[in-house]
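Thank you all for making time this morning.

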Amino acid sequence: MAAKFTPRVFSGIQPSGGLTLGNYLGAIKRWVAMQGPDFETIYCVVDLHAITVRQDPDKLRRSTHEVAAALIASGIDPEASVLFNQSQVSAHAELGWIFNCIARIGWMNRMTQFKDKAGKNAEKVSLGLYAYPALMAADILAYHATHVPVGEDQKQHVELTRDIAQKFNHDYGVDFFPITEPVIEGPATRVMNLRDGTRKMSKSGESDMERINMLDDADTIARKFKKARTDPDPLPGELEGLKDRPEARNLVDIYAGLSDRSPEAVIAEYAGAGWGRFKPALAELAVEKLVPISDEMRRMMAEPDALDALLARGAGKAEAISRPILEQVHDIVGFVRSRG
Ligand code: AQP
């Protein structure tokens, strides 16, 4: 990475439904860990992304507050980090359009998340869903972000961001955008569905039993882990023994993510244990970690005006960083800045 770029983290979460344990372990926990002296940290509730599929306006507002509350309750400090919602900073949409004109159709056609989300209905989904990764590139590059902490499912989109930055720099003969690094770390970079260990845990999955929501209460968390699909075998002595047991591996990874330990350490502790012992231990750990966060989330969500004030301050800070970058893009591209 060229030294001219300030070490800066950007990442976002869609307010497209209730947050899950996947969002928490794959993203939020990592975001909290990256706060500190090494990076400027910018975190965004990406509401423009959420409307790539139909959203009820009231639910969208509630989910936006839920995500903001979850981030703060999990340890994002709105004074130390920039925290805001995407629609309030117009640089995202403006740069997104410019990147629509840089990204190639062939690149977009390779995006597996679009294929997964569109399914057999590709003709009927929105143009926005198709263009989503170019907007994500704009989210990141409008801040010259050098690092993007994400779950495994977003890796391809960060790679596309790098391609867009490279093509822009090359086409215009500049060294303007950084080539951003994805940061995919921790034992739970891809938390799987509790009913099918080959599918990702997702906010918008069909059944509530397949995910742990950050707002689930203690009884619900315990019930969902109890009913989580597993196989009849006990836990093996080594991780290698979970190679063809995706559901079992997922629960071990979740335990590791929640307890800040490696999956190897978890297996070593529970070698030979049956599900009757492991599942209640996992549920207890999840309740211990999540319930204090959800209590705080509920308290904050009951005061949406206070959340809005925090988000507004964050949007002001985000605007101050992204506006000058966008103005330079206008100059590079050849837009006449008739208003200065
Ligand atoms: N299951 C997961 N395991 C690990 N990380 C995950 N993330 C999402 N699901 C998992 C990470 O959370 C961040 C925010 O994701 P998002 O909400 O913007 O979009 P998504 O990846 O499409 O998440 P969902 O839950 O699947 O949302 P819907 O159902 O609305 O599409 C990202 O860093 C993502 O990697």
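This is a predicted model: local features need pLDDT of at least 70, side-chain atom pairs count only at pLDDT 80 or more; totals for chains, interfaces and linings use all residues.

Residues are numbered from 1 along each chain as its sequence is written, and side-chain values use heavy atoms, with hydrogens and water left out.

The chain is assigned two domains, domain 1 covering 8–189 + 303–333 and domain 2 covering 208–299, with bounds that come from an automatic or database domain assignment. Their C-alpha centres are 29 Å apart, and the contact, meaning heavy atoms within 4.5 Å, involves 17 residues from domain 1 and 19 residues from domain 2.

How much area do domain 1 and domain 2 bury between them? The figure is about 1400 Å², with 70% of it on carbon and sulfur atoms, where buried area is the accessible area (1.4 Å probe) that two parts lose on being put together, summed over both.

One salt bridge is found across this interface, a salt bridge being a side-chain nitrogen of Lys or Arg within 4 Å of a carboxyl oxygen of Asp or Glu. Lysine 29 and aspartate 260 meet through their side chains in a salt bridge, at 2.5 Å from N to O. On the side of domain 1 that touches domain 2, the elements giving two or more residues are helix H1 (21–34) and helix H3 (57–74), helices here being DSSP runs of H or I with at least four residues, and strands runs of E with at least two, numbered from the N terminus. H3 gives the largest share of that side, six residues.

Turning to the ligand, 22 residues lie around it, and Lys117, Asp153, Ser202, Lys203 and Ser204 come nearest, a residue being near if one of its heavy atoms lies within 4 Å. A polar side-chain atom of lysine 203 is 2.2 Å from an oxygen atom of the ligand, and for a side-chain N or O atom of serine 204 the distance to a ligand oxygen is 2.3 Å.

Finally, the salt-bridge count comes to 24. Arginine 8 pairs in this way with glutamate 40, their closest N and O atoms 2.8 Å apart; because arginine 8 lies in strand S1 (residues 8–13) and glutamate 40 in strand S2 (residues 40–45), the pair ties together parts 32 residues apart in sequence.

Note on methods. A polar contact is a pair of N or O atoms within 3.5 Å; within protein, one must be able to donate a hydrogen and the other to accept it, and residues adjacent in sequence count only if both atoms are side-chain atoms.
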